[in-house]
Protein chains: 2
Amino acid sequence: MPELSDIYFATTNTNKFNEVKDILSNYDIKVKMVELDLLEIQSNDLEVIAMDKAKDACRKLNARVIIEDDGLFIASLKGFPGPYSSFVFKTIGNEGIIQLMKSYSDRTATFRSVIAYCEPNNITLTFVSNVNGEISAEISGKGWGYDPVFIPNDSAQLTYAELGSKKNESSHRKLALEKFAHWIKNHRY
Amino acid sequence: MPELSDIYFATTNTNKFNEVKDILSNYDIKVKMVELDLLEIQSNDLEVIAMDKAKDACRKLNARVIIEDDGLFIASLKGFPGPYSSFVFKTIGNEGIIQLMKSYSDRTATFRSVIAYCEPNNITLTFVSNVNGEISAEISGKGWGYDPVFIPNDSAQLTYAELGSKKNESSHRKLALEKFAHWIKNHRY
């Protein structure tokens, strides 16, 4: 049985968990990975999806749970892949994104991270951060997810993948986790 | 208040409703369009999505409700856009599909229709049909949704859009509605 002091990070993505664990360790917050079969609603709103999943995870685990959902919103593609970034990555992948972008000159995109945190006492909170940037001309660097095609602004034209561990200093996920860390330090520790 | 004899077709898509109404009129089944704000779960299984939406609609309306969900599954794109066909159409559209397919020689695809029917007595049924075909080399014909890029097998290389009203004689939606019509005629009329 989980203890109340435990904070679980519910995901099936080990890459994501490792990144979250590393970032939160800078704030002396420890998280444990848990794989749960969660019901995911279909919505164009990442916050709604993440909050709903966090509540479901919290109910199933009866413990404090963090969920992270992120999405890449490409302006020329009207916000595609957005809330369906995970499905799109598994199907057409970065090759598909690069191919689609050949038709457009505006390559601006926003990478959004939503952290949803839920406690068994029915408190649920979300912490959101956006990083603006653009889609690279080609797949560049070794990384997971969309990291090899997203160039954040002020990165000297390097993709998240090319930035390597430097990515975690200012990524959308880092900024959302930072907001969460400040909140939980002030309210729960 | 709706009467029990009424059958509602819940959708926000007038094109889809008109097609369904025309097809079902061949079986002397009348349907009324209703627009509802339905919760849609995120799943890779169209049947699960449609069934869940039908139950939600049935609860909200307290009447007999039909939902139709369809999806275009492109083999080379690992089933993309599949259950997210609606979102993908609204974002990258048929132009995006044609662009993505430039990288592949295998253009085979399946168009799947799921009819979910729900009664206030908690009976829910689904009727599924698939039509195999391929993605056209370019957008061809005037039609809604993916009709201008889907060429069903045995159509002399015409897209659904080019087939015009002939589409409704053998489309994935027609075949699923036919199954539903036979069932309801035998069990409810």
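Biologist: Which residue of chain B comes closest to the rotation axis?
Modeller: Ile41(B), with its C-alpha at 1.8 Å from the axis. Keep in mind that this is a predicted model.

Biologist: What rotation superposes chain B on chain A?
Modeller: A rotation of 180°, with 0.0 Å of shift along its axis. The RMSD is 0.0 Å. That is the relation of a two-fold axis.

Biologist: How many residues are in contact between the chains?
Modeller: 19 residues of chain B are in contact with 19 residues of chain A.

Biologist: And which elements of chain B supply at least two residues each to that side?
Modeller: Strand E3 (40-42), helix H3 (85-91) and helix H4 (93-101) of chain B. The largest share comes from H4(B), with four residues.

Biologist: Why do you say the copies meet through the same surface?
Modeller: Because 100% of the interface residues of chain B are also interface residues in chain A.

Biologist: Back to E3. In what sense do E3 of chain A and E3(B) pair?
Modeller: Antiparallel, over three bridges. Gln42(A), for one, has Glu40(B) as its bridge partner.

Biologist: New topic, the sheet in chain A. What's the strand order?
Modeller: E2-E1-E4-E5-E6-E7. It is an open sheet of six strands, with mixed pairing.

Biologist: Which strands stand at the edges?
Modeller: E2 (32-34) and E7 (150-152) of chain A. Each has a single partner strand, so one side of each is left without a neighbour in the sheet. The twist averages 40° from one strand to the next.

Biologist: How does E1(A) join E2(A)?
Modeller: Through three bridges, and the two run parallel. Phe9(A) has Met33(A) as its bridge partner in E2(A).

Biologist: And how does E1(A) join E4(A)?
Modeller: Three bridges there, with the strands running parallel. Ile7(A) is partnered with Arg64(A) in E4(A).

Biologist: What about E4(A) and E5(A), parallel or antiparallel?
Modeller: Antiparallel, over 10 bridges. Asp70(A) stands opposite Ser113(A) in E5(A).

Biologist: How many residues of E4(A) are buried?
Modeller: 11 of the 11, so the strand is largely enclosed by the rest of the structure. Both faces are covered. One side includes Ile66(A), Asp70(A) and Leu72(A), and the other includes Val65(A), Ile67(A) and Phe73(A).

Biologist: Why two sides to one strand?
Modeller: Because in a regular strand the side chains alternate between the two faces of the sheet.

Biologist: Let's talk cores. Which members of the largest nonpolar core touch the most others?
Modeller: Phe150(A) and Phe150(B), out of 46 residues in that core.

Biologist: What is Phe150(B) in contact with, leaving aside neighbours within four places in sequence?
Modeller: Among them are Leu72(B), Ala109(B), Phe111(B) and Ile135(B). Gly133(B), Thr159(B) and Tyr160(B) are contacts too.

Biologist: Last one, Ser76(B). Where is it found?
Modeller: Ser76(B) is in the loop between strand E4 (64-74) and H3 of chain B.

Biologist: What does Ser76(B) touch, not counting residues up to four places away in sequence?
Modeller: Tyr104(B) and Asp106(B). The C-alpha atoms of Ser76(B) and Arg107(B) are separated by 6.8 Å, though the two are 31 residues apart along the chain.

Biologist: Why is Ser76(B) called partly exposed?
Modeller: Because 18 other C-beta atoms lie within 10 Å of Ser76(B). Buried takes 20 or more, and exposed means 12 or fewer.

Note on methods
Residues are numbered from 1 along each chain as its sequence is written. Chains are lettered from A and ligands numbered from 1 in the order in which they are written. This is a predicted model: local features need pLDDT of at least 70, side-chain atom pairs count only at pLDDT 80 or more; totals for chains, interfaces and linings use all residues. Two residues are in contact if their C-beta atoms, placed from the backbone, lie within 7 Å. Two strands pair if DSSP finds at least two bridges between them. Axes are lines fitted to C-alpha atoms, for helices over the stretch in contact, and angles run from 0 to 180 degrees between N-to-C directions. A nonpolar core is a set of buried Ala, Val, Leu, Ile, Met, Phe, Trp, Tyr and Cys residues joined through C-beta atoms within 7 Å. Copies are superposed by least squares on the C-alpha atoms of residues with pLDDT of at least 70 in both.
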